[in-house]
Number of protein chains: 2
Amino acid sequence: MDLEPLLGSQTCQSLSGTTNCTPSVCNECAVREHAVCGSLPVDALTELHQIGRHRLLRKGQTLVWEGDETLLVANVMSGMVKLSSGTSTGTEQILGIVGPSGFIGRPNGGPAAHSIVALMDTKLCVFPASPFRRFMEVHPEMGVALLDKAFDDLDRARRWQLMLARASASERTASLLLEFAGNRAIEGKAYVFPISRGQMADLAGLTIETISRQLTRLKKAGIISLPSRSGFIIHDRGALAAIAGEARHSGLH
Amino acid sequence: MDLEPLLGSQTCQSLSGTTNCTPSVCNECAVREHAVCGSLPVDALTELHQIGRHRLLRKGQTLVWEGDETLLVANVMSGMVKLSSGTSTGTEQILGIVGPSGFIGRPNGGPAAHSIVALMDTKLCVFPASPFRRFMEVHPEMGVALLDKAFDDLDRARRWQLMLARASASERTASLLLEFAGNRAIEGKAYVFPISRGQMADLAGLTIETISRQLTRLKKAGIISLPSRSGFIIHDRGALAAIAGEARHSGLH
DNA sequence: CGGCCTGTTGATGCTTATCAATTCCTGTGG
DNA sequence: CCACAGGAATTGATAAGCATCAACAGGCCG
């Protein structure tokens with residue numbers, strides 16, 4: 001189902017018998033430069049292809065179940081997945097969200113600390129864990145790149161952590177919107193909420209009602225629009241960023 | 001100052017000319033089994049020794065400054081360091097705390113995302129970044145171990161993040177105490193607060209006053225003692241853990 | 001011994017959670 | 001295509017929890 005071998009559409013023409021050109025699917029990959037494979041030389045990339053597959057994960061589908069042995073790792077090409085975990089009280093909690101060029105899974109096995117579920121239709125570059133590990137052993141630069149990405153993620157998690165510790169409701173809501181819109185949020189463009197209000201509340205450490213009130217407030221201030229229940233438009237990115245960063249000292253609360 | 005070459009106290013006796021026995025300092029290392037070097041074979045460990053040094057970081061001393069190029073990585077053998085960062089408003093914020101067997105620094109260079117400062121006298125196993133990188137290239141298992149640790153840290157950061165998002169003041173304070181006491185908190189043992197009330201407040205996302213009130217409350221409930229300003233004793237570890245986990249439904253708030 | 005800094009305790013107000021009612025999508029079936 | 005049901009989101013009223021402001025106590029240093 002929706003599995004497409006990466007090699008399937010390779011258009012490299014081996015005129016001289018050598019095949020050291022970039023597989024076309026990678027050239028077309030929107031996140032190539034930012035993902036872990038970005039730093040690989042052509043021949044290594046070609047090799048990596050042979051163990052990976054493209055996969056489309058439909059909205060709501062689960063890639064990995066919490067507690068399962070980790071059998072695969074993946075790059076997110078487009079879309080979004082959530083990392084979630086069940087709590088002692090039985091409810092599900094969102095631990096994080098991973099968007100394009102993000103890496104998910106643990107190469108070294110062990111039970112998964114969280115489930116991975118698609119928030120919208122999501123394209124992935126999936127690799128079985130064992131061959132991926134072997135690939136890392138042969139190509140240490142991949143391990144290096146992955147390590148770098150893991151440390152990046154760690155830094156980002158620590159900063160979000162800080163935000164949760166100190167931010168007000170308006171700051172959290174604004175940060176959430178910017179997160180959903182991606183780092184390069186475009187004014188006037190229609191974005192989709194990848195998660196429900198309830199899940200947004202979980203992630204930001206607020207309640208549904210507070211999220212709703214803050215969105216209304218931002219709408220009334222003219223900073224965003226809410227054309228439908230599941231979409232939003234940013235009109236004033238600067239204002240939103242200002243609120244996300246330091247609302248405590250601005251006029252809008 | 002306080003620099004001690006790791007090889008200095010190696011007691012391995014090369015009777016037969018071979019030196020493939022574990023360096024004694026590593027045998028004596030309290031965190032050997034939990035640190036990244038734990039999985040290394042003897043010969044690799046011996047090699048790693050030759051690029052590392054022990055270093056004692058005195059309370060308050062800074063190992064790495066935020067923004068500086070990362071020139072070293074280290075294992076924490078004993079003590080505690082904080083990761084901190086300056087904010088836009090000029091104040092310092094604590095991003096996290098690293099205790100024994102923790103790994104700090106980024107092997108792959110780039111400017112440091114946070115300063116690293118000792119919270120108490122701390123013993124470190126320090127390695128210059130470049131030789132450490134070369135070592136990783138030769139010994140991929142080190143990269144694998146480090147990657148695993150990084151993912152562990154990431155999971156822990158995500159869970160603390162979740163805690164901050166949803167926890168009440170009493171939950172946060174209890175979690176903080178358990179964190180300070182280590183995973184195996186012993187009832188009746190005297191522990192030291194590694195950071196000031198203000199820094200605890202920063203870390204937990206509370207104010208000094210609230211931290212103080214919660215500590216008093218825990219003391220009055222008989223769960224802890226506060227024999228001095230800078231120390232605490234846990235009398236009822238179970239109660240503390242219960243509060244940290246699910247205070248919202250207990251009687252104590 | 002006295003100043004000073006850190007921590008504790010007290011009183012009050014703001015922010016956000018909670019409880020409750022209503023509206024508005026969305027998707028389903030006729 | 002429209003009507004309807006069901007759930008999700010919004011809005012309102014109230015209260016709890018924590019921050020803030022303020023005063024005080026207790027070590028630690030000179």
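Predicted model: local features only at pLDDT ≥ 70, side-chain atom pairs only at ≥ 80, totals over all residues.
Biologist: What area do chain A and chain B bury between them?

Modeller: The size of an interface is often given as the accessible area lost when the parts come together. Here 44 residues of chain A are in contact with 43 residues of chain B. Carbon and sulfur atoms carry 57% of the area that the two chains bury between them, and that area is about 3900 Å².

Biologist: Which element gives the largest share of the side of chain A that touches chain B?

Modeller: Across the interface of chain A and chain B, 20 residue pairs are found in polar contact, with both residues at pLDDT 80 or more. On the side of chain A that touches chain B, two or more residues each come from β5 (81-86), β6 (92-98), α3 (129-138), α4 (140-166) and α6 (197-204) of chain A. By class, this side of chain A has 22 nonpolar, nine polar and 13 charged residues. The largest share of it, 20 residues, comes from α4(A).

Biologist: Which residue of chain B meets A:D155 in a salt bridge?

Modeller: Between chain A and chain B the count is eight salt bridges. In one of them, where the distance from N to O is 3.3 Å, the side chain of A:D155 meets that of B:R106.

Biologist: Is α6(A) largely enclosed by the rest of the structure or exposed, and how many of its residues are buried?

Modeller: The buried residues of α6(A) are A:Q199, A:M200, A:A201, A:D202, A:L203 and A:A204. What covers them includes β5, β6, α4, α5 (169-181) and α7 (208-220) of chain A, together with α4 (140-166) of chain B. The helix is followed by A:G205, whose phi is positive, near 75°. Because of this burial, α6(A) is largely enclosed by the rest of the structure, and the number of its eight residues that are buried is six.

Biologist: How many residues apart in sequence are the parts that the pair of B:F193 and B:F232 ties together?

Modeller: The structure holds twelve aromatic pairs over all chains, and the pair of B:F193 and B:F232 is a tilted one, with 4.8 Å centre to centre and 35° between the planes. B:F193 counts as buried at 7% relative accessibility, and B:F232 is buried as well, with a relative accessible area of 0%. Since B:F193 lies in the loop between β10 (190-192) and α6 (197-204) of chain B, while B:F232 lies in strand β12 (residues 231-234) of chain B, the pair ties together parts whose separation in sequence is 39 residues.

Biologist: Which residue of chain B is linked by ring pairs into a cluster with A:F103, A:F127 and A:F132?

Modeller: Ring pairs do the linking in this cluster, which takes in residues of both chains. Alongside A:F103, A:F127 and A:F132, the residue from chain B is B:F151.

Biologist: Is B:S84 buried or exposed?

Modeller: B:S84 lies in strand β5 (residues 81-86) of chain B. Leaving aside residues up to four places away in sequence, B:S84 touches B:E66, B:E92, B:Q93, B:I94, B:L95, B:H114 and B:S115. Its relative accessibility is 2%, so with a cut-off of under 20% B:S84 counts as buried.

Conventions: Residues numbered from 1 in each chain as written. Chains lettered and ligands numbered in written order. Heavy atoms only, no water. Contact = heavy atoms within 4.5 Å. Buried area = accessible area lost by both parts, 1.4 Å probe. Salt bridge = Lys/Arg side-chain N within 4 Å of Asp/Glu carboxyl O. Polar contact = N/O pair within 3.5 Å; in protein donor to acceptor, adjacent residues only side chain to side chain. Helix = DSSP H or I, 4+ residues; strand = E, 2+ residues; numbered from the N terminus. Nonpolar A, V, L, I, M, F, W, Y, C, P; charged D, E, K, R; others polar. Phe/Tyr/Trp six-rings, centres within 6.5 Å; stacked < 30°, edge-to-face > 60°. Buried < 20%, exposed > 50% of the residue type's maximum accessible area, 1.4 Å probe, protein only.
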